[in-house]
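Here's a quick briefing to read with the model open beside you.

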Amino acid sequence: MHQLPPQQAHDAVLRLRAHRLPPEGPPSAAILDSWARCLQAGLDPAAPLAVPVVGAAELAQRRAQAGDVRRLAQAELATLAQQIAGSNFLLAFADHDGVILDLMADNRFATSGSSAGIVAGGRWHESVCGTNGLGTALATGAPVAVSGLAHHNLQLADITCTAAPVRDSRGRIVGVLDASSYYDSRQHHTHALVQMAATQIENGLLMHQMRQHTVLAVHPRSEYLGTLSAGLLVLDGQGLLQACNARAAQMLAGLQAVPGTAFEALFGASFDNVLGTLPPGAELRLHDPLGRPLAAQVRARPHRPPPASAPAPGETRPAQRMPPRAPAADATPPPGFVADDAAVDLACRQVRAAVRLGVSVLIQGETGSGKELLARHAHLLSGRRGEFVAVNCAAVPDGLFEAELFGHVGGAFSGARREGSIGLIASADGGTLLLDEVADLPLPLQAALLRFLDDGMVRPVGGTRARRIDVQLLAASATDLQEAVAARRFRDDLLYRLAVVPVHLPPLRARSDFAQAARAVLAAIDRDAHLTDAAVAQLAGHRWPGNFRELRSLLTRLLLARAPEAGGTRLDAADVATLLPHAVPGPAAAPASPAGRTGSALQQAACLRVQQELARCGGNVSRASRNLGISRTTVYRHLQEQTRDHARDDPTPDSPVGGR
């Protein structure tokens, strides 16, 4: 580390405090070191910021080279956008050189002066742009928060950014995730959310890159095996360690957990005896050489069909498939899955019957309503031995979708992997394939998918041979596919094939098991925390446009705002009110009113919140809808309902809308 001399550091702190923006306190050692590097590079903090931008051709090439990590990052950007909605944010994912590949921003930040230079293709290297989230995270290889005048260039003094590097299965930095917002609307929990998103990307990348090996999740407490706190170990067929994530390296500190280490050396047991026959999802207890107990779970196993002689040129042979297990009548649901609501229970029973017959299922419901959890539960119910593979149709670029879905041979197109790829459909052979947000599937791919559903054959891009694949197909959509068919955005024949058994998940606000669902979500975040009945009632007064994703984000923020307590954190109505000040406490188990009618506490609370936000925005419907995360049509509908209610109570012609 290159620390600034004491006098220069003191001068830097004085510079920070000499401006009107409130100081964050003395700069951290990481910021001081970054300033030292900027001084050594000859950067002038008062000079106009000139961010270099790569050309369109180079940007396209970098996006193609990023491949899987970019696909995973796009999904996390979408989740982060929901988690920090309302904070005038900008989200970015950059490659290992600091070149921004993808951006998401709300309208206010995107059109502000602060967004100058923050464009796709912008290269935010610290040596050029000074201290900043993206560049400094890459320079240090560690998460960093850069707030206000901690930026070296004074032009960035009105924004706050937090960034975390993303590493591949070999520990190499392959990208960086960044969240920026106005300094005055920053949210202190964003740093934790960005780090969690980066960990999610790293784990997904490790699982994908090491899918030919066994992946073992470990944690001192079994209830954390399915969370981001779990360590992931990758073991080959001989039980030799191939890779591990950062959490696993921390848990096995001092045990020389380096590639090539034998399973026996780590846990004092035979790999074949312990893991040889365990299926994915199975749990066991292990002890490291220091005697520390660890819970473990087989997260994934390679699917290796028996070797067969190569087919003759042009010949197609059915793939060898593992026989499915007997369907599980009462498989343990995934963590956080609650089905005490009558509509959800019906959906579970429909799915159970469908997977026993092996027919396609279409799961419909609002964004965040639990469609993927239900799909994972369906996979467990099916008893199939293969993998559960989820494909977010909205996150894969159109030009790469066919290769991602059906695979490709080496060198099939510019940027293709040299060794080729079997594709996501083939990776689910013997298991379950979920096509999430299937409404976003491009029309040409819809035709290709229809052919696969007809004959079960997959031919990779650039290849001449096809192979038969056996998958349980599930599709999920937050969009009304019947409307998409009417608008000619979706093929009707494909809809009929996907929706052999259509099921519907109700939104969170309409569920009679709201209290159980809220407590299950909190337990998945922190098993020692608990919600009071008053807190649940306060939560029930919110409309939850983001459903479970929004609920999980809010509960996470509440926990981060509270100091740990002996016996577990207790969240009460007052805590909830700090983030949902306009929620009117309502019955936690009351379903929402039918469309077109008001009267329930939930509906009245939603109308009141829309009205207050509209007033705060000076009557600007577009701005209010963006801030609330709902459509303008929904804003108008709430205003019409409020008008009808007021007309019933006070039919005088000059009564203002929402006057009661």
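Which strands does helix α7 lie across? Helix α7 (residues 190-209) lies across β6, β7, β8 and β10 (293-300), and runs at about 15° to β7. Axes here are lines fitted to C-alpha atoms, for helices over the stretch in contact, with angles from 0 to 180 degrees between N-to-C directions. Helices (H or I, at least four residues) and strands (E, at least two) are DSSP runs, numbered from the N terminus.

Keep in mind that this is a predicted model: local features need pLDDT of at least 70 and side-chain atom pairs count only at pLDDT 80 or more, while totals for chains, interfaces and linings use all residues. Residues are numbered from 1 along each chain as its sequence is written, and side-chain values use heavy atoms, leaving out hydrogens and water.

**The open sheet**
- Five strands make up an open sheet in the order β8-β7-β6-β10-β9, with antiparallel pairing; two strands count as paired if DSSP finds at least two bridges between them.
- At the edges sit β8 (241-244) and β9 (283-287), each pairing on one side only.
- From one strand to the next, the twist averages 35°.
- Within this part, β6 (residues 214-219) and β7 (residues 231-235) pair in the antiparallel sense over five bridges, and Val-218 has Gly-231 as its bridge partner in β7.

**Strand β5 and its neighbours**
- β5 (residues 173-182) is mostly covered, with eight of its 10 residues buried; buried means under 20% relative accessible area, exposed over 50% and partly exposed in between (1.4 Å probe, protein chains only).
- β1 (residues 89-94) pairs with β5 in the antiparallel sense over six bridges, and Leu-90 has Ser-180 as its bridge partner there.
- β4 (residues 159-167) pairs with β5 too, antiparallel over nine bridges, and Val-166 stands opposite Gly-175.
- The hairpin of β4 and β5 has five residues between the strands, and Gly-171 in this hairpin takes a positive phi near 85°.

**Helix α6**
- Why is α6 (residues 133-140) described as largely enclosed by the rest of the structure? Because six of its eight residues are buried.
- Those buried residues are Gly-133, Leu-134, Gly-135, Thr-136, Ala-137 and Leu-138.
- Asn-132 caps the N-terminal end of α6, with a side-chain oxygen 3.2 Å from the backbone nitrogen of Leu-134.
- After α6 comes Gly-141, which has a positive phi near 70°.

**The largest nonpolar core**
- A nonpolar core is a set of buried Ala, Val, Leu, Ile, Met, Phe, Trp, Tyr and Cys residues joined through side-chain atoms within 4.5 Å.
- The largest one has 34 residues, and Leu-433, Leu-435 and Phe-452 touch the most other members.
- Elements supplying at least two residues each include β12 (388-392), β13 (432-436) and α15 (443-455), and α15 gives the largest share, six residues.
- Leaving aside residues up to four places away in sequence, Leu-433 touches residues including Val-389, Val-391, Leu-424 and Leu-473; contact means heavy atoms within 4.5 Å.

**Cysteines**
- The structure holds zero disulfides, a disulfide being a pair of cysteine sulfur atoms within 2.5 Å.
- For Cys-38, the closest cysteine sulfur is in Cys-129, and at 9.7 Å that is too far for a bond.
- Cys-38 counts as buried at 1% relative accessibility, and Cys-393 counts as buried at 3%.

Note on methods:
A polar contact is a pair of N or O atoms within 3.5 Å; within protein, one must be able to donate a hydrogen and the other to accept it, and residues adjacent in sequence count only if both atoms are side-chain atoms.
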